[in-house]
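Biologist: I would like to learn how to read a structure like this one. Could you walk me through it?

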Amino acid sequence: MILSLILMSLWAVIWLLYLNQLPSYRRQNPCHLPPAGTLQKYLRLLLPVCGLTMAFLLNGLDGLFLWAFTAPFTGFLLAMLLSYLQPPSPPGRTELAKRPKSPQIPAMHIRLSSLLTSAFIVSAAFLGLSPAARADRPWQDAHTQAQITAEHELSQPLAASLSSLPDGSPFALSVTGKIYRLDPVDGHLTILMDELPPITALTATAQGLWAVTQAPQPALLNIAPDTGVILNHIGFGSTLAVGSHISALQVTDNKAFLVDDGVPAFVVIDLQSGHAERLLEGAPSLSSHAPLMRHGQPVTTAQGQSRTGGNVHFLLLDRSKNWLFYQTPTGPLYRIGTTILTDSSLGPAERIEAMTNWRRTPSLGGMTINRDDTIYMVDIDHGDLLAFGADRLPWRLLHDDRLYDAQAISLLKGRTGEQGQLAVLTNPAASAGGTNPASTPNPQHLLEITLP
Amino acid sequence: MSPRLRSILRLFHRWIGFPAGVFLFILCFTGSLACFSPEIQDWMQPHTALHAPLPSMTSSGLTKAGQKLKEQLDAGTFAFLKLPSPRDPVFRLWHYDGHIFLGPALAPDTGQPLPEHDVPGGTFFVTLHSSLYLPTPWGQIVTVLAGISLLVTLLTGLWLQLRRFLPDLLLFRPHAARQRRWLDLHLLGGTLSLPILFVIGLSGTVLQAQKLIHLASPPHHSSGHASRHQTRSSTPLSIPADTLTTLANTGQKTWGTIADGFFMQTGNYVSLYAPDNLHFCLQRQALTTSHATMPLRSLCPTLHSVFLGLHNLRWAGLATRWFYCFSGLLSCIIIGSGMVLFLQSERNNITHLSTISMVRRILQQSYTAFTTATILGLPLATLALFWSTRLPTPPTLPALLWEEGLFFGLWGLSLLHACLFQRAAIQQLILLATLGVSTTGLDLLTRPLHTGRPFLFSAVDTLATCIGVACLSVLLRPLKKRSA
């Protein structure tokens with residue numbers, strides 16, 4: 001539909017240019033473009049070709065037909081519209097006989113209006129090729145599909161959280177908040193350190209594991225991944241509100257970014273000074289506004305009410321550590337610059353304006369990002385594995401019924417250039433309406449997916 | 001161009017265009033509606049639009065629907081099972097009654113029949129478009145002749161307008177004299193959509209001509225060839241419980257989707273046919289339990305399939321189908337304005353005569369009557385058909401017979417009315433405006449308010465309202481002029 005609008009705008013411009021090159025005695029329609037020049041002539045010839053190419057690139061054969069159909073439709077509408085705008089004063093015979101030339105407009109005026117018109121035309125022509133337009137394309141099957149290469153039954157009930165170190169070693173959180181090292185070969189779970197306080201969110205970086213604990217005191221912990229020893233401890237209790245629940249975090253060299261799912265907000269912690277700040281509380285993009293869909297059906301509570309799956313739940317950091325991607329389980333995906341959150345000179349209005357809607361997504365059961373800044377998502381509505389790269393091309397990598405039950409996803413390999421592999425945590429009880437993995441007899445599974 | 005050549009071309013354009021215009025208007029109008037055949041079917045059977053969220057097809061639903069298919073086949077009805085798709089979210093257990101496809105709609109999740117009676121539906125307009133509801137081969141012959149006339153009229157029109165084709169491409173003068181206004185409208189639409197009209201007309205004519213050739217010399221089949229449309233297999237068909245589910249899974253893996261595909265008996269097997277919208281060219285690939293893999297085939301196996309892809313546009317997305325529909329409606333405007341111009345020019349010829357013979361007068365009246373019955377009668381009958389599917393049926397008549405009878409009856413009455421009364425066009429415009437504007441009210445009153453497909457109902461209602469408003473604006477134009 002967006003392509004049709006773009007093509008109609010393009011054809012409107014082409015028809016206006018066509019009208020503009022007619023001598024005024026023949027031009028029955030009001031047309032307020034500057035007099036036709038060489039630029040307009042070339043644009044008139046070039047724009048249909050550009051439109052055709054763009055339509056084909058964006059929509060294939062469908063685009064070609066759309067290009068052909070929008071031309072007469074737009075021309076017809078424009079001719080009718082412009083004709084009714086013209087006052088009913090038919091030109092006299094003397095006027096016809098004179099056949100005057102185009103009206104004389106001051107040179108400066110022409111240059112300015114030519115510039116404006118050209119800018120409008122060029123922007124309209126390239127609108128269709130803009131990343132935003134490409135990002136709105138529907139999910140398409142990738143030429144080479146990903147494959148599920150292994151499936152392991154898990155012995156422990158795990159929370160919906162998976163993370164892996166740059167070398168691909170995965171870690172998981174149990175429902176009781178314990179950190180487990182996950183063996184991707186057989187799905188065996190090994191507890192990292194029994195004495196750690198209960199963890200609510202976990203991420204793994206080159207500096208080790210970073211975890212958030214909310215009891216007894218809210219704190220950010222840096223944990224050695226091999227021994228489980230706490231390397232650093234930063235308290236941030238003052239920034240939490242009643243009902244807060246930290247659902248995800250990402251860490252750069254000197255800052256930690258946390259998202260509060262309970263009372264939607266960002267929490268930014270300076271790792272050097274320990275100063276914590278709560279930002280963008282209640283921003284609309286941090287809250288869920290749609291029902292969570294699983295297997296084509298809305299997920300409901302015991303009372304039959306639709307569930308949203310909670311507020312902001314996923315948080316990713318790109319390779320350059322300049323951009324944070326975040327979203328609720330029902331989407332859409334948003335992007336914000338890390339500097340926007342750390343620059344103390346900016347106010348809430350500027351920050352809200354910088355929250356960019358990056359892509360509509362279906363209901364998700366996990367999201368992760370690789371070294372090339374390709375975001376992998378598990379679509380629990382349709383049972384698909386999706387990829388959305390830096391080129392903003394939306395691909396469907398895999399469909400498998402087991403993905404309807406996905407809870408979390410993490411990279412296993414691929415951060416260091418090897419063939420990419422993903423681990424997906426699934427809970428068959430999720431489809432059956434179960435919410436607490438510990439309370440259901442169906443054990444969770446770990447799927448190992450080899451990327452194309 | 002010499003005046004002699006010009007008058008010859010004009011003669012051809014007018015006297016081929018007007019009689020063919022009657023059929024071409026029908027073809028373009030019904031073709032536009034046929035673009036949304038499944039959606040029209042759902043509008044006429046509002047319960048098949050289901051409730052939001054739309055349930056998806058389940059294995060148990062498919063098994064149950066398969067049992068119903070077997071019952072129909074065992075009873076001697078050559079039915080097939082159309083699978084749910086986003087455009088039509090229910091199973092359709094359809095058979096062909098010689099004109100249209102009809103049969104019960106089944107819930108996609110349970111396979112149970114939905115509470116709806118048979119309606120002419122979207123396939124009614126498809127049949128009207130392809131054969132004008134005439135028996136074979138007359139329907140095909142008339143359509144081919146109309147198609148050839150379209151091409152001739154387009155070429156003569158282009159030749160006549162060649163010198164002013166580019167300079168007057170977007171010329172429309174709404175404030176000019178009446179005849180000039182209609183001519184501008186005719187030329188504006190005609191020149192802008194000339195390439196599209198030519199491609200649609202040519203592909204449609206070729207398709208119908210191919211049908212006629214096949215009818216004249218049927219293709220030779222080797223002995224033992226099983227026709228897809230055989231009425232009954234010699235041995236009772238057996239469908240094991242998991243056959244349909246297995247085929248559906250195989251089809252899903254092979255084609256990526258089976259939505260809008262269908263199960264049909266082929267010989268002693270049940271085959272799953274690929275959806276028609278899978279490729280540009282219609283391929284009709286089929287899977288059976290004995291042949292569960294597809295051999296590699298070229299994308300467009302025959303020229304016929306290319307023309308089918310070009311004319312039917314089943315593969316196209318929603319936006320393209322909408323614009324295709326609009327192109328059809330634009331063609332109706334071109335043909336309608338051409339017919340009005342023909343009438344006016346004939347009227348002008350009479351005006352200059354001192355005495356008008358009775359034959360001339362009757363001819364003039366019949367031209368007017370045919371134009372009125374075509375331009376106003378057909379949309380009127382169509383709206384009446386839409387209304388009749390939502391209103392109670394007379395108890396003495398089967399619903400389907402009543403609805404089809406009402407359509408053709410009202411259309412015939414429109415012609416009769418226009419033959420007998422001078423002001424028939426105004427009266428039919430009033431009726432058309434009333435029906436068009438009140439369709440939304442009827443729709444809201446006669447369907448469940450909560451529906452899974454609100455856009456479908458609002459799109460049909462909006463189109464009907466647009467027709468009503470257009471008629472109202474034509475009716476109110478003289479009043480406006482008088483007040484000005």
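**Reading the cores and a helix**

Modeller: Happy to. This is a predicted model. In soluble globular proteins, nonpolar side chains tend to be buried together. Here the largest nonpolar core has 138 residues, and those with the most contacts inside it are L66(A), F25(B), L188(B), A384(B) and L432(B).

Biologist: Which helix gives the most to this core?

Modeller: That is helix α2 of chain A, residues 38-85, with 14 residues. There is also a second, separate core of 83 residues, which includes L154(A), L158(A), L209(A) and Y334(A).

Biologist: What is L432(B) in contact with, leaving aside its neighbours within four places in sequence?

Modeller: Its partners are L376(B), P379(B), L380(B), L383(B), I467(B) and C471(B). L432(B) is also one of the buried residues of α13(B), among them L429(B), A433(B) and G436(B).

Biologist: How far apart are the end C-alpha atoms of α13 of chain B?

Modeller: They are 30 Å apart, which agrees with the 32 Å that its 22 residues should span at 1.5 Å a residue. The helix also bends by about 45 degrees at T439(B).

Biologist: And what is the mean pLDDT of chain A?

Modeller: It is 81, and 81% of the residues of chain A reach 70 or more. Over residues 91-112 of chain A, though, the pLDDT is below 50.

Key. Residues numbered from 1 in each chain as written. Chains lettered and ligands numbered in written order. Predicted model: local features only at pLDDT ≥ 70, side-chain atom pairs only at ≥ 80, totals over all residues. Helix = DSSP H or I, 4+ residues; strand = E, 2+ residues; numbered from the N terminus. Expected span 1.5 Å × (residues − 1). Bend = angle between axes of the 7 residues up to and from the residue. Buried ≥ 20, exposed ≤ 12 C-beta atoms within 10 Å, placed from the backbone. pLDDT = per-residue confidence, 0-100. Contact = placed C-beta atoms within 7 Å. Core = buried A, V, L, I, M, F, W, Y, C linked by C-beta atoms within 7 Å.
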